[in-house]
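Please open the structure in your viewer and keep the selection tool at hand. The stops below are meant to be taken in order.

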Amino acid sequence: MRWSRTFIPTLKETPSDAEVASHRLMLRAGMLRKLSSGIYCHLPLGQRVIQKVERIVREELARIGAEELLLPVLHPAELWQETRRWDIYGPELMRLTDRHDRQFALGPTHEEVITDVVRGEVRSYRQLPLNLYQIQTKFRDEIRPRFGVLRSREFIMKDAYSFHADEASLGEAYDAYREAYSRIFARCGLDFRAVLADSGAIGGAVSEEFMVLASSGESEVLSCCSCGYAATSEKAAAGALASANAGAGGAQAGAVGEASGQRDGQRDLRRVDTPGKTSAAEVAEFLGVPVARTLKTLVYVADGTPVFVMVRGDREVNEAKLFGHLQAATVRLATPEEIRSETGGPLGFSGPVGLPGMPRILADPNLRGARGSVVGANAADAHLTGMDLERDVPQAEFVDLLQVAAGDPCPRCGASLESSRGIEVGQIFKLGDKYSKAMGATFLDESGAQRTLIMGCYGIGITRTVAAAIEQHHDERGIRWPPAIAPMQVEVVPLAARDPAPMRVGEELYEGLMERGWEVLLDDRDERPGVKFADADLIGIPFRLVVGERGLKNGMVELRADAGRGDAETLPVDGAVATLDARLRQAMGRA
């Protein structure tokens, strides 16, 4: 490609709405242009990178026997209504009505569509397993699109679906996809980690996300350096926390025992005034107890039914875990009016004791054996001290709903968990029969019995992978592409002020490298060296050959690797193509 004949509209200034490095550099390097909020045009340079990522994906999926197809973007509402996701998916599902008043969705994912295809074709176990994928544009009506293509309303995704006769077969496919994803992201030059994840709106019992580690990542990853455990903050578990029971708190604990009516190691419930003290921290300070001795009681509404959730006052509820445990279509915090109706008291003073009707109460397992605790009294400006959870709330169910934090003990080995940031670029799911059962997708087994298909699904954000690569590979001058996904492998930069020789030699090197099968950009513009170097740094092509008047007088050209950031190496003009060809083969794994 000749720069003068291609469309690379670079920018000197950073657009004001660019918040992260990938967004800023994709705009400045002429890869993207914004059409509307969360909607982007991919220009030639960006499209070349997208195609490189897609090619790697296709090669690795072919390796595990996946077949490519193409499914419609427009989905009839009836399919989504079969699985109830027309209502469950929420406002992110883009909906529209045609001229005949029929409702449709713009596909954010294709579980319903692929299940509809397969249920119409698969009849026998002999047709299984089946492994299908597509690369296509998806649509999600993000409430706040941001960070360029990292969180946009329209994006390119690879989504794959597998169909099986049993869980064992699904397990084999799941493992094959995990290995394929690891190869894909390694080939893309990414530093990544596979972590346990919440299944979210897709569903299923088991899921893992592939995270590209980057400080700009929206996702928190909690991991253990000792045993390798890693999970997203939505999914992470922790070992048992240090006990906050009475008797372990020194003088303060003793004072609380007296105030609570301690007798022979037992504590009676006692109502105390806590005027205006609604938060756990305020109550603890007012009563002179550790915050961990207070218990929060939060009221949720799941499909119209109240559910009470308890955690220590110094911790938070993980709502992703709660949603997954309840398996309800809708889960939300109760309104102040609903709280008063269910507890008899105002917001900020809810507690688990004496609730009418024996409602459902979920408690974090760390509260097992909790005694001498402080809870809301379900009355304005009042709390109860001396609560014994097993004595006073015998109906409590113990469920892991804790929001795990850095420093908590690892659930496997007990070492401290560490926190890092990550960009999700892929996720794999064991769906089981979630969609096939709802949609009546069945087959006949070896005995002739009708059984429900078992499913898996596997996604990779193509455009997000491109942005994640930039987040990991850039500096203050611009992008530094990994060779496998760079838009081109070599940029030839002739510096010709008056002498035509640099341009002539640049043309010869350009042609020679093209003949050897490499993708080359020749900067044949009539621009000053400073402009050419600034643009070369910005777009970040891995190898740069600089042809200058001074070097040519000695028959030499300059080669720099690492997008022009590497040490300069002088090469004889006559051997430059052969030398660079060998370097490229090594860098691209073709040696």
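Predicted model: local features only at pLDDT ≥ 70, side-chain atom pairs only at ≥ 80, totals over all residues.

Residues are numbered from 1 along each chain as its sequence is written, and side-chain values use heavy atoms, leaving out hydrogens and water.

Begin by selecting Asp166, Glu167, Glu172 and Asp433, which together form a negative surface patch. Glu167 belongs to helix H6, residues 167–187 (helices are DSSP runs of H or I, at least four residues, and strands runs of E, at least two). Because its relative accessibility is 46%, Glu167 counts as partly exposed (buried means under 20%, exposed over 50%, partly exposed in between, with a 1.4 Å probe and protein chains only).

Next, stay in helix H6 and select Tyr177 and Tyr181, which are 4 residues apart and so separated by about one helical turn. Tyr177 is buried at 0% relative accessibility, and Tyr181 is likewise buried at 0%.

Then select Phe192 and Phe210, a tilted aromatic pair with 6.3 Å centre to centre and 40 degrees between the planes (rings of Phe, Tyr and Trp, its six-membered ring, pair if their centres lie within 6.5 Å; planes under 30 degrees apart are stacked, over 60 edge-to-face, the rest tilted). Phe192 lies in strand S9 and Phe210 in strand S10, 18 residues apart.

Conventions:
Patch = residues over 30% accessible without salt bridge, like charges linked within 9 Å, V, L, I, M, F, W, Y side chains within 5 Å. Areas by Shrake-Rupley, 256 points an atom, 1.4 Å probe, with all protein chains shown as cover. Salt bridge = Lys/Arg side-chain N within 4 Å of Asp/Glu carboxyl O. Lys, Arg positive; Asp, Glu negative; His and termini not counted. Charge placed at Lys NZ, Arg CZ, Asp CG, Glu CD.
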